[in-house]
Structure formats: structure tokens, C-alpha cells
Amino acid sequence: MILVTGATGTIGGEVARQLIAAGQKPRLLVRSPEKAKAFEGKAELFKGDLDDATALANALKGIDKLFLVTAGLDGARLEAKAIDAAKAAGVKHVVKLSVAGAEYEAITFAKWHRGNEKKLEASGLAWTFLRPGNFMTNSVMSADTIKRDGAIYSPVGDGKSALVDPVDIGAVAVKALTTSGHEGKIYTLSGPVALSTQEQADIIGKAIGRPVKHVDVPPEAARDGMLKAGLPEGYVNALIELYGVMKAGMTAAVSPDVEKVLGRKAGTFEAWVSRNAAAFK
């Protein structure tokens, strides 16, 4: 049996939906069963989180494979607890959502993820690491300013990113969870082409029928805006660091791994925007 964490989030939700579509009945560990109502009857819902040792131990009973995803400042600590609990419960294989470039440990996000990749490598458990780049869905964070100003504000300049569709991340995870041969493998997941933020804005503008521009803002202004929006300072600092890497052109690499695993090309940003244009109108 398969346990999915983070099933009410972007990637965990994709994994849960695609497992169900593939004929599986996964178990989902969710903080709020109310938010997971769409999965009722299709999956086993367990209330709890990774910081609740009892709930986690109960959710892991009888589990063979675990999809592990965490987020936020506390994610690395919670993930480490889940790895220990999975080993104690006799889980055979953990598919971990990581981040592109984790192997270099050059920025904070990479360090957070690589620490638990190393923990899994030393655990004796079979593992698969999924290392995606920037999600296409992150564009929705600019939906309000696109509607209001026809603009995306970010401190990334002309830096390009090979945006990846969360549907593809979910599909690769499902392959790793339901078929053999993925143990000990690392998949770097990207879309088929690297795009600047202005190129992304042009694609969104075409879909909604009005121009959208990218406004390059100073990192300090972006940082102040995120802090005023209530994001924790440590997380904001990590994001600003990531934006600097993006601006330097270090997130533009295109990986063949989605096509290699799925036998089809990775989804394009144009296709994703076409499916989600209503979010920007």
C-alpha cells in the first residue's frame, strides 16, 4: 500500500489523484480531512501530520511505499522524522520530492533537501529522488497583479527557468511508486524549454487577450513585500537567494528525465496556461 503526504497541496494532490486514476487506493495523511473531501471513498484518509508521532505511526502501518513531501521552514525536520518512522514501520521504498540542484548544496533550499536525501541514502530504505525546478503553478502567485496591473513583479531580471508542470511531477512519482526499476534513481524534472519571466508573461497575455509585462524589482523591495505579506523571515531569505540564482541564469537547464520516465514529452507552459487561463482573468 502507498501513503501520500501533502495530499491537499500542489504535488501531493497530483500524486494522490493520479494514483487513484491508475486504480490504486492510496492512504493520505492530511491535517484537515475537510480539505481532502474530494478523495473520500477513493482513498483512505488519516488525520494528522508529520509532527504527530502517533498519527504518523498509525498511518504507516501496512505501508510499503511512501511519497514524502514537506514545505516551509520546518520541512526538513519533519521530513527527517518521517524517514525514521518509515524505517521503523518497515516501509520498503520512499519517493522523496526534492529540488533541482540539491546535489550542489549551494543555496538554502538545496541544503534543506540534500540533508534528508543523505539521510535516506544511509537509511537502508530504497529511495527515489524527484528534483523538480520551478513549478508552472507558481505563476498563479502573480494572478492578482496580472488582473490589477497587467504585470508580474519579480526580482529575476532576464533569468530563465525550465518550468515544470506539476502534472508531470505527479506522473513521474506515480511511475516510481507503482513500477519497478526506479529504486536508487534521481530524476531532475523540467519542462521542455527555458523561459524568461517576460516570455511567461507574453504567453499568459496571449491566453487572456491582453498584454502582461514583467517588472524587474530590486531584491530588497521583493523581500520587504514578502515580509509584509506575513511570510517567515527565514523562508523569505531563502527565496531571495533562489531568485538571485534564477537571475544569474542558473535555472535554465532542460532535463530529459520526464520524457525518459514517462515515454512522452514534458508539458509546455503554453498548454498549462491554456488549461488555467481563468486564474488570470
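1. How many helices and strands does the protein have? The count is 11 helices and 11 strands. Keep in mind that this is a predicted model.

2. Overall dimensions come next. The C-alpha atoms fill a box of roughly 55 × 35 × 35 Å along the principal axes. The radius of gyration is 19 Å, which agrees with the value near 19 Å for a compact globule, because that is what the rule gives for 281 residues.

3. On burial and surface: 48% of the 281 residues count as buried. The protein exposes about 12900 Å². Carbon and sulfur atoms supply 54% of that area.

4. On contact order: take the contacts between residues at least 6 apart in sequence. Of these, 72% join residues at least 24 apart.

5. On charge: the protein carries 36 positive and 31 negative charges.

6. Helix 9 covers residues 233–247.

7. Which residues of helix 9 are buried? They are Val236, Ala238, Leu239, Ile240, Tyr243, Val245 and Met246.

8. What follows helix 9? Gly249 does, and its phi is positive, near 80°.

Technical notes: Residues are numbered from 1 along each chain as its sequence is written. This is a predicted model: local features need pLDDT of at least 70, side-chain atom pairs count only at pLDDT 80 or more; totals for chains, interfaces and linings use all residues. Side-chain values use heavy atoms; hydrogens and water are left out. Helices (H or I, at least four residues) and strands (E, at least two) are DSSP runs, numbered from the N terminus. The radius of gyration is taken over C-alpha atoms; the globule rule is 2.2 Å times the number of residues to the power 0.38. Buried means under 20% relative accessible area, exposed over 50%, partly exposed in between (1.4 Å probe, protein chains only). Contact means heavy atoms within 4.5 Å. Accessible areas come from the Shrake-Rupley method with a 1.4 Å probe; for residues, only the protein chains shown count as cover. Lys and Arg count as positive and Asp and Glu as negative; His and the chain ends are not counted. The place of a charge is taken as NZ of Lys, CZ of Arg, CG of Asp or CD of Glu. The expected span of a helix is 1.5 Å times one less than its number of residues.
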